[in-house]
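Grab a viewer and work through a few exercises with me. Try each one yourself before reading the solution.

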Amino acid sequence: MIHEPEYPAFVFPMPSSSTTPLVELRHLTFGYGERVILDDISLSVPRGKVTALMGASGGGKTTILRLIGGQNRAQSGELLFDGQDVTPMDQTQIYAARRRMGMLFQFGALFADLSVFENVAFPLREHTDLPEALIRDIVLMKLNAVGLRGARDLMPSEVSGGMARRIALARAIALDPELVMYDEPFSGLDPISLGTAARLIRHLNDSLGLTSLFVSHELEQTFAIADHVIILANGKVATQGTPDEVRNSTDPLVYQYVHALPDGPVRFDYPGATVEQDFGPAVMAAPLKSGASS
Ligand SMILES: Nc1ncnc2c1ncn2[C@@H]1O[C@H](COP(=O)(O)OP(=O)(O)O)[C@@H](O)[C@H]1O
Ligand SMILES: [Mg+2]
């Protein structure tokens, strides 16, 4: 019997090569209503690598993760996931693509009334019909990967903040995603837990053969673990490259950001009237005398 293909051949994805980026934004524009958040941006997330997405709060980092997951749709441009444009996908196609992604949400908390084990098992129970014995093995394997196999029976209220974040990491990788996205995985962690979480992201990426994309404000740890760094500013990609390339960038905005300078293209003072306009010329004419109070 000749087996008829279910779909015409052109529907099948292009074979993806290991050199093409896993995620690519091409001239993508996105706004909420009239307000443009991402303005004609192009960036790529290299396959098998750890990529950091940085930039000021409100700059559109979470929005980019939501675009990749298909929760937001671009107004123009393309968003390729493994060579396929996510933007025109229907719900079925989006769900299929999303199954290949793991996500640790910003402020993503554990379910307080579920044990550590059940928190990690949750996506497996939601999205698969795997038998209980297999779920157990997978959950223990994922907990082992984050060093918390022994904590399986604890409740979230019994673990530290750093441990909770690691359990959330284990949950994000429960379904063996190809791409893992972490939205501010280091926020609120003490320096030791932060270092542990950062090394874990790197380690999971390499040992499980993942592609990782994380949003972070932590310059030092981020530059230590990332292969590729993207910095957003004013709705554009200010720079992207290796940590060294970004660190040595001469772009004034990137320089200010990377060196954490209070003043630069991003002003310390909120724009407004000048000092002279607000206080009159007398203030300008009579500067404080040095040593006047001693
Ligand atoms: N659902 C929404 N509706 C309207 N504006 C939003 C919505 N979500 C985010 N924004 C705005 O879009 C901008 C980018 O947000 P976001 O992507 O969360 O920034 P970041 O993660 O870089 O801090 C912010 O100014 C935010 O207020
Ligand atoms: Mg955010």
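This is a predicted model: local features need pLDDT of at least 70, side-chain atom pairs count only at pLDDT 80 or more; totals for chains, interfaces and linings use all residues.

Residues are numbered from 1 along each chain as its sequence is written, while chains are lettered from A and ligands numbered from 1 in the order in which they are written.

**Exercise 1.** Work out whether glycine 102 is buried or exposed.

Solution. Start with its place: glycine 102 sits in strand β6 (residues 101–104), strands being DSSP E runs of at least two residues and helices H or I runs of at least four, numbered from the N terminus. Next, count neighbours: glycine 102 is buried because it has 23 C-beta neighbours inside 10 Å. The cut-offs are 20 or more other C-beta atoms within 10 Å for buried, 12 or fewer for exposed and partly exposed in between, with C-beta atoms placed from the backbone.

**Exercise 2.** Find what glycine 102 touches beyond four places in sequence.

Solution. Contact means C-beta atoms, placed from the backbone, within 7 Å. That picks out Ala172, Ile173, Leu175, Pro177 and Val180.

**Exercise 3.** Describe how α5 and α6 pack.

Solution. First, take axes, lines fitted to C-alpha atoms over the stretch in contact, with angles from 0 to 180 degrees between N-to-C directions. The axes of α5 and helix α6 (residues 191–208) come within 9 Å and cross at roughly 15°. Finally, list the partners: Gly161, Gly162, Arg165, Arg166 and Leu169 in α5 meet Ser193, Thr196, Ala197, Leu200 and Leu204 in α6.

How values were computed: Two residues are in contact if their C-beta atoms, placed from the backbone, lie within 7 Å.
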